[in-house]
Amino acid sequence: MSTTVDTKVPAVPARPAAEQAPAQSKGYWQGVGARLSRDPVAMVCAGLLTLLLAAVVFAPLLPLADPFTGSMISRLKPIGTEGHILGTDELGRDMLARLIYGGRLTLMLGLLPVIFAFLIGTFLGVLAGYVGGWLNTVIMRTVDVFFAFPSILLAIAISGALGAGIVNSLVSLTIVFIPPITRVAESVTASVRSLEYVDAARISGARALTVVRVHVLGNVMSPIFVYATSLTSVSMILAAGLSFLGLGVKPPQPEWGLMLNTLRTAIYIDPVLAALPGAMIFLTSLCLNLLSDGLRSAMNIKD
Amino acid sequence: MFWKTLQRGAVAFAATVLLTTSALAAGTLRIGMTASDIPLTTGQTDQGGEGMRFMGYTVYDSLINWDLSSADKPSTLTPGLATEWSTTPEDRTKWTFKLREGVKFHDGSDFTADSVVWNLDKLLDDGAEQYDSRQAAQGASRIPSIASYKVVDPLTVEIVTKQPDATLPYQIAWIMFSSPANWEANGKDWEKVAANPSGTGPWKLETFVPRERAELVPNADYWNKDRVPKLDKLVLIPLPEPNARSSALLSGQVDWIEAPAPDLVPALEGNGFKIVSNSYPHNWTYHFSRLDGSPWNDINVRKAANLAVDRGGLSQLLGGLMVEAKGFMPPSSQWFGKPEFDVVYDPEEAKKYLAEAGYGPDKRLTVKALISPSGSGQMLPLPMNEFIQQNLAAIGIDVDFEVVEWNTMINIWRAGAADPSAQGAQSINFSYFIQDPFTGLIRHLSCDLIAPNGTNWGHYCDPEMDALFKEIRNTFDPAAQDEVLRRTHEKYVNDALFLFVAHDVAPRAMSPKVEGFVQAQNWFQDFSAISIAE
Amino acid sequence: MLAYTLQRLLYVIPVAFGVSVICFMLVHIAPGDPLTAVMPIDATAEQQAAMRAEYGFDKPLPVQFAIWFGNALQGDLGASIATGRSVSSEVSRAVGNTLILAFAASLIGFPLGIFFGFVAGIFKDTLIDRAVTAFAITGVSVPNYWLGIVLVVIFSVTLGWLPSTGAGPGGSTNWAWDFEHLRFIILPAVTLAVVPMGIVTRTVRALVGDILSQDFVGALRAKGLSQVGVLRHVVRNVTPTALSVVGLQLGYLLGGSILIETVFNWPGTGFLLSNAIFQRDLPLLQGTILVLALFFVFANLIVDLLQPLVDPRIKRG
């Protein structure tokens with residue numbers, strides 16, 4: 001079976017672990033950092049993402065209007081209106097404030113499922129790959145079954161069953177991303193395990209945990225990490241898509257996908273305004289992908 | 001700017017091949033419905049009022065139809081497949097229906113008294129061969145009063161009710177009659193009948209693609225020659241998403257859409273489309289809980305809230321597409337009456353009433369209200385509720401919203417205010433079909449219909465009101481019955497039994513080519529007089 | 001070879017069973033009464049109970065599963081709650097429409113993706129490469145449901161060139177690949193094709209660049225092989241991986257059209273699925289998810305079976 005996922009970015013094929021052995025040192029990461037800093041596109045993207053992240057995290061400290069209260073009189077004001085730099089939405093709420101607060105949820109729904117899936121998937125994958133045997137069979141066959149669903153279908157099916165809501169979206173997206181990460185982790189672990197020096201370490205009586213921590217995780221982390229970065233953009237687009245369908249975040253919470261949905265009727269009145277939330281999803285996802293590409297080449301991983 | 005540029009581009013490319021418009025037969029009207037599917041075609045429709053509008057009274061008739069010919073007055077009942085109906089003073093439970101002679105179903109078979117009994121069995125007798133649980137689910141609850149029925153002669157049917165009930169004609173008006181012979185011809189299989197149904201109505205279903213479209217053609221042999229359709233074809237397309245509906249109209253894929261989003265109305269009008277609307281028996285309200293401890297038990301609180309709502313401001317929010325409520329029924333209703341309590345916007349008077357109840361700026365009243373972000377007939381629920389929240393806050397009533405999904409809300413509404421699912425909410429924001437005495441008045445406040453046994457959500461029970469309801473059911477002269485209905489409604493208003501907010505006006509947007517449409521003050525409409533200009 | 005094929009074929013059985021268990025469970029963890037959306041608002045408690053019994057929702061879950069699974073094996077997925085129509089017929093009609101859309105999107109996305117990928121790979125690290133890469137990454141980054149709306153506003157509403165909803169002037173029945181029908185498919189197919197095109201471009205570009213930088217290509221050139229000859233080599237080496245990516249993207253097209261179908265009212269599986277979700281139409285929901293997932297399982301299977309045929313280097317089993 002191929003390790004490629006149906007998600008929007010092809011998976012990083014597991015690197016032949018031998019290339020990187022022994023486990024990466026500080027020097028390796030410094031090298032990656034240095035290479036990355038010479039990539040202008042990646043740096044610009046990293047800068048933009050940092051700025052967005054900062055705005056989103058420190059939103060309550062910024063001089064923003066309340067994203068929840070609006071005025072019926074000032075509905076759908078165009079961009080550049082006094083007091084509302086980015087205009088107002090269909091309930092007269094400040095668009096700038098809602099886009100920034102909306103970014104909180106959208107980014108959270110992009111990041112958290114990937115982080116959770118990263119932790120759970122790596123754990124399951126390393127466990128399956130390292131222990132092998134029946135445990136491997138149980139874990140990997142279960143993963144295969146979940147893998148049989150196209151990711152969007154699985155996310156929509158789970159969210160559709162659980163109903164709308166932030167927690168339900170988190171759960172469904174996490175479930176969607178566990179299988180691909182588990183697979184990558186399992187295949188890298190299995191190949192590392194069979195390396196001579198790892199074998200030697202095991203035979204020499206090193207505790208399993210130590211072997212995993214020192215030899216396996218060191219080798220496994222960077223390909224999974226890069227893969228996870230690319231999943232973040234997929235996760236964000238999916239999460240916003242769920243909200244867009246009415247299966248994700250519920251009103252009146254600001255979230256980009258939901259805003260795109262509720263502003264749909266405004267597309268005939270002020271198309272630019274109505275397109276803003278979608279444009280935010282697009283730009284953020286573009287930056288994430290470009291950064292992930294930069295990371296990949298900085299880490300010298302082939303796609 | 002964006003628009004100008006694009007429009008200039010459009011003109012420049014006007015000559016390109018892409019601009020070919022599809023060649024349509026003359027006189028085809030394509031309607032974008034709000035339903036997500038073609039309503040059930042076998043007779044008794046699903047999809048609520050819209051289902052009956054497009055697939056009920058088009059393909060079928062009832063014994064008693066609605067007169068949909070006038071836009072200026074509330075619509076009333078009119079003879080359909082029955083020419084007259086009556087009950088005798090000796091036994092008020094026994095009704096005789098005289099049937100119209102010479103009516104034929106679309107498949108050529110005759111409509112007779114046997115067809116009537118056969119169709120009632122279809123809905124009420126689960127032992128009958130033709131019993132259809134899908135139609136029964138839609139129709140049985142419409143005729144709760146019927147106890148039995150029988151053929152008297154080929155053109156006479158007798159229906160017996162459980163108790164005397166003068167509202168029976170309104171109940172009967174729901175029931176659609178499908179052809180028994182056609183059901184036989186389709187192997188006694190309702191699934192097959194669905195693709196090839198046969199009624200007596202002015203339209204015949206020609207083709208039908210589930211979830212996509214239905215095409216109706218005129219029934220040239222319709223018994224009422226005045227209502228033989230002028231169009232060549234009527235196409236129904238389900239377009240549940242308001243934006244998709246508007247896009248379809250703007251790009252010329254349909255000629256008519258139901259319920260355009262209020263925000264889009266100016267854009268549609270700017271593009272030359274007509275907006276047609278009219279008052280009809282619809283009501284958007286807060287149904288109050290009258291359980292012990294509910295602040296709404298105090299008439300002063302109820303009156304205060306009713307005087308606090310700025311309905312004119314709300315109307316602006318909806319682009320004028322609403323009727324400001326003056327009571328439970330729309331002001332134009334034949335049952336509105338002359339209530340003494342004038343439902344207007346008067347915050348000062350509202351504060352006085354609230355003070356009377358012991359609340360004010362120093363002692364604000366907090367109420368919990370159930371609302372849903374969507375739902376059929378709910379108009380623009382979120383903005384409207386937020387608007388009301390602001391209005392009530394201004395006089396000293398703080399509204400806490402409990403926001404639930406629409407289907408959950410329906411369940412809470414069925415379960416009643418006392419059910420745990422209502423989470424102790426003291427009102428539910430619901431919109432009501434109020435076209436006849438039962439759905440309009442009786443079902444909301446009758447003591448024997450307290451939820452979950454009926455649809456009296458708030459557990460209201462007032463012997464005086466119940467006496468009025470009894471009188472409605474026992475007044476068999478239509479004019480006298482209307483008088484009782486007016487008195488009942490006056491009590492609704494004088495006691496401020498609901499928060500009277502708004503009535504929808506059933507806006508429709510249509511191409512200027514659509515001619516001859518008269519929007520009746522009704523949930524149902526007549527499509528026979530419509531034509532399409534070349 | 002035969003052993004591999006057999007093993008692969010047999011392996012589909014437990015996966016398909018697992019898939020059906022998940023489909024069933026997913027739908028039944030759902031809170032709420034599935035019959036709410038379809039009963040008239042005034043239905044009494046007895047009428048509701050009767051209807052629940054009729055649909056078998058009063059039975060314990062394992063029994064419901066056994067009944068459903070047994071019927072599903074015979075191709076009977078039950079009847080939709082909302083419409084009463086057989087789920088199998090609803091789903092098969094919808095799958096047909098989704099396949100039409102997916103096929104149209106493949107015709108746009110894959111050839112373009114492969115072409116762009118080759119061009120970028122051959123001219124690696126030139127301006128052309130940068131432009132193509134930027135285009136491809138834009139493609140994978142764009143939320144396609146948003147792109148769909150934007151395209152409708154421009155091409156349907158403002159310019160009036162193309163229809164915005166539906167699958168043909170007379171609905172999806174009698175679909176034909178003629179001009180009248182193609183007008184309806186252009187916007188949704190383009191919208192749907194953008195993401196796979198980006199992915200295929202990126203994959204092919206990387207593969208081509210990789211192979212061209214390998215030693216044997218230089219050797220071939222040194223031996224005097226023409227540019228066309230070199231390209232032929234590249235094509236032979238790129239095909240297996242490209243095939244697997246295309247295969248998986250085909251699966252993506254089937255599942256991924258859900259949002260697009262909703263935007264364009266395209267009467268396919270995605271449209272059916274979102275209807276089923278919002279009407280809590282459990283039999284329809286289960287059936288649609290099951291059929292889509294099984295399609296994806298078989299797409300994977302076919303890719304796995306084809307791969308050793310085009311790439312004899314891969315030894316499996």
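1. **Basis.** This is a predicted model: local features need pLDDT of at least 70, side-chain atom pairs count only at pLDDT 80 or more, and totals for chains, interfaces and linings use all residues. Residues are numbered from 1 along each chain as its sequence is written, while chains are lettered from A and ligands numbered from 1 in the order in which they are written.

2. **Where chains A and C meet.** The contact takes 42 residues from chain A and 48 residues from chain C. Two residues are in contact if their C-beta atoms, placed from the backbone, lie within 7 Å. On the chain A side, the elements giving two or more residues are helix 5 (133–147), helix 6 (151–162), helix 9 (208–245) and helix 11 (271–298). Helices (H or I, at least four residues) and strands (E, at least two) are DSSP runs, numbered from the N terminus. Helix 11 of chain A gives the most, with nine residues. This side of chain A divides into 26 nonpolar, nine polar and seven charged residues. Ala, Val, Leu, Ile, Met, Phe, Trp, Tyr, Cys and Pro count as nonpolar, Asp, Glu, Lys and Arg as charged, and the others, Gly among them, as polar.

3. **Helix 11 within chain A.** Helix 11 of chain A also packs with helix 4 (residues 95–131) of chain A, at an angle of about 30° and with axes 11 Å apart. Axes are lines fitted to C-alpha atoms, for helices over the stretch in contact, and angles run from 0 to 180 degrees between N-to-C directions. Helix 4 of chain A is therefore roughly parallel to helix 11 of chain A (angles under 35 degrees count as such). Residues in the contact include A:Gly102 and A:Gly103 of helix 4 and A:Pro277 of helix 11. The contact residues divide into seven nonpolar, three polar and no charged.

4. **A sheet in chain B.** Six strands form an open sheet with mixed pairing, in the order 14-18-13-17-15-16. Two strands pair if DSSP finds at least two bridges between them. Strand 14 (322–324) and strand 16 (397–403) of chain B are the edges, each pairing on one side only. The twist averages 30° from one strand to the next. Strand 15 (residues 365–371) of chain B runs parallel to strand 16 of chain B, joined by seven bridges. B:Ile371 has B:Val403 as its bridge partner in strand 16 of chain B.

5. **Chain C annotations.** An unreviewed UniProt entry places "transmembrane region" at several spans of chain C, including 99–123 and 242–264. UniProt positions are given in the numbering used here, feature names are shortened, and annotations may be inferred rather than shown by experiment. Residues 99–123 of chain C are 96% helix, with end C-alpha atoms 35 Å apart. Residues 242–264 of chain C are 100% helix, with end C-alpha atoms 30 Å apart.

Technical notes
Parallel < 35°, antiparallel > 145°, perpendicular 65-115°, else oblique.
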